[in-house]
Amino acid sequence: MSENTANRIFNTVNVILIIITMVLCLAPFIHIIAISLSSNRAIGSGEVSFFPKELSFEAYSKVFADGSMIRSLIYTIWLTVLSTVLSMAMTIAAAYPLAKSNLKGRKWFMLIIVVTMFFSGGIIPEYILIKNLHLLDSTWGLILPGLISPFYMIILITFFRGIPESLEEAAGIDGSSHFGTLMRIILPLSLPVMATLSLFYAVGRWNGFQDALMYITKPELYPLQLKLYQMIQQNQITELMQNEGIGAVQVLPESLKAASVIFSTLPILLVYPWLQRYFISGVMVGAVKG
């Protein structure tokens, strides 16, 4: 078998595997979209697969008419933006000096940071700490505990180390301070990794609900994912009550649940196209460095 034939076979197998993976990833999302656009009768009879049956936008109308959902959406957007900006600022502030080989105690700092990736106090001590800091029912209780990811910080350190030191030396000769060098030279060269880590931070905060579930009791501070979680939980309780014949209960339609899932997913998906040109080069940081 010639080398060209082997390469064609290898590329064909890769394409087939990628298509299969893509279909497996998209199929559940397409199914949810189909359910959200179908009538309750078609959903109940099991007719909906990957195409809507008896097209209906009633579920979306109810979602957008729900003031609490809109409030949670606005609050979650603000929370995600604030959390991402602060996380990136702190990550940059920690990664830049740790990328310097002449920093005294750098190895000890890195050791302490890496240890936190594998060991933690646990959920109960963390809750007690948040309570003692008076961060319960507070936006800061959702931001400060996860402000910096050690893993993302190490990725940024790796990228900073790959930038030639001669650039910083030249800037220093021209009279630039460390902060000025960081802002004018290092960060503009770091757009791919900055965009990638910002997306990771934003997606993590957008999808987070466990911390809100533990720390937040005020409805006006419910992030969108917690709002969706509680809505589904409440529906499971009403279904149980209906099965037990306890009173007259109204089960949430499947189309409304599906529309709520799409409502909470689309905003973060719309961010990706703006960062796509940086994303691929950003996730490859350190992959080919010696």
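User: Does H134 count as buried or exposed?
Analyst: This is a predicted model, in which local features need pLDDT of at least 70 and side-chain atom pairs pLDDT 80 or more, while totals for chains, interfaces and linings use all residues. Residues are numbered from 1 along each chain as its sequence is written, and side-chain values use heavy atoms, with hydrogens and water left out. Buried means under 20% relative accessible area, exposed over 50% and partly exposed in between, with a 1.4 Å probe and protein chains only. H134 has 70% relative accessibility, so it counts as exposed.

User: Where does H134 lie?
Analyst: H134 is not a glycine, yet it has a positive phi of about 60°. Helices here are DSSP runs of H or I with at least four residues, strands are runs of E with at least two, and both are numbered from the N terminus. H134 sits in the loop between α6 (123-132) and α7 (140-143).

User: What relative accessibility does D137 have?
Analyst: D137 also lies in the loop between α6 and α7. Its phi is positive, about 55°, although D137 is not a glycine. D137 counts as partly exposed because its relative accessibility is 23%.

User: How many helices and strands are there in the protein?
Analyst: From the N terminus on, the elements run α-α-α-α-α-α-α-α-α-α-α-α-α-α. The count is therefore 14 helices and zero strands.

User: How much of the protein counts as buried?
Analyst: The accessible surface comes to about 17800 Å², of which 68% belongs to carbon and sulfur atoms; such areas come from the Shrake-Rupley method with a 1.4 Å probe, and for residues only the protein chains shown count as cover. Of the 290 residues, the part that counts as buried is 34%.

User: Which residues does I70 touch, not counting residues up to four places away in sequence?
Analyst: I70 lies in helix α4 and is partly exposed, with a relative accessible area of 26%. I70 and L224 are 154 residues apart in sequence and 8.8 Å apart in space, C-alpha to C-alpha. Contact means heavy atoms within 4.5 Å. Under that rule, I70 touches F64 and F263.

User: Are α4 and α11 oblique or perpendicular to each other?
Analyst: Axes are lines fitted to C-alpha atoms, for helices over the stretch in contact, and angles run from 0 to 180 degrees between N-to-C directions. Angles under 35 degrees count as roughly parallel, over 145 as roughly antiparallel, 65 to 115 as roughly perpendicular and the rest as oblique. The axes of α4 (residues 67-98) and α11 (residues 191-207) come within 9 Å and cross at roughly 135°. The two helices are therefore oblique.

User: How do the residues of the contact of α4 with α11 divide?
Analyst: Residues of α4, including L73, I77 and M88, meet residues of α11, including L197, Y201 and R205. Ala, Val, Leu, Ile, Met, Phe, Trp, Tyr, Cys and Pro count as nonpolar, Asp, Glu, Lys and Arg as charged, and the others, Gly among them, as polar. The division is 10 nonpolar, seven polar and one charged.
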